Amino acid sequence: MDLTNSGEKMRIVQELVPGKQITIAHVIANPDKILYKKLGLDPAVDYSSSAIGIVTVSPAETAIILGDVSVKASGVELGFVDRFSGTLIVTGTVSQVEAALDALVSYARDTLGFVCCPITKT
């Protein structure tokens, strides 16, 4: 890609500079069964009141702490925790998942001093 007038190619270096932030906090209420399967989650759940919570956090290791907060706050099940990407997935009833995300966002914001996005829901 030529970005200069001299015909030289410009090299662009992209870096991730992690801040203390939650960038995604989303509740999927009553997900389709195929979504559980594609995510590698237990598809043998009661779909009438099920939900999946998805959180992305930086620094990535904070996903471990927020997973602990989630389980203690509402009894959700941990579907996935990745300390390298900062991804956390929890499952449970809609009310459990909403309570878990409320608790982890509050903890990250009020105790850890993180910048947090609003919790969204589909």
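This is a predicted model: local features need pLDDT of at least 70, side-chain atom pairs count only at pLDDT 80 or more; totals for chains, interfaces and linings use all residues.
Local features require pLDDT of at least 70 and side-chain atom pairs pLDDT 80 or more, while totals for chains, interfaces and linings use all residues. Residues are numbered from 1 along each chain as its sequence is written, and side-chain values use heavy atoms, without hydrogens and water.

Helices (H or I, at least four residues) and strands (E, at least two) are DSSP runs, numbered from the N terminus. Helix α2 spans residues 62-74 and helix α3 residues 94-110. Their axes come within 8 Å and cross at roughly 130°. Axes are lines fitted to C-alpha atoms, for helices over the stretch in contact, and angles run from 0 to 180 degrees between N-to-C directions. The two helices are therefore oblique to each other (under 35 degrees is roughly parallel, over 145 roughly antiparallel, 65 to 115 roughly perpendicular, and the rest oblique). On the α2 side, I65, L66, V69, S70, A73 and S74 make the contact (heavy atoms within 4.5 Å).

Strand β3 (residues 77-82) pairs with strand β4 (residues 87-93) in the antiparallel sense, over five bridges. Pairing requires at least two DSSP bridges between two strands. The two strands form a hairpin with four residues between them. In the turn, G86 has a positive phi of about 80°.

T87 lies in β4 and is the bridge partner of D82. T87 also touches V55, A63, F80, V81 and D82, not counting residues up to four places away in sequence.
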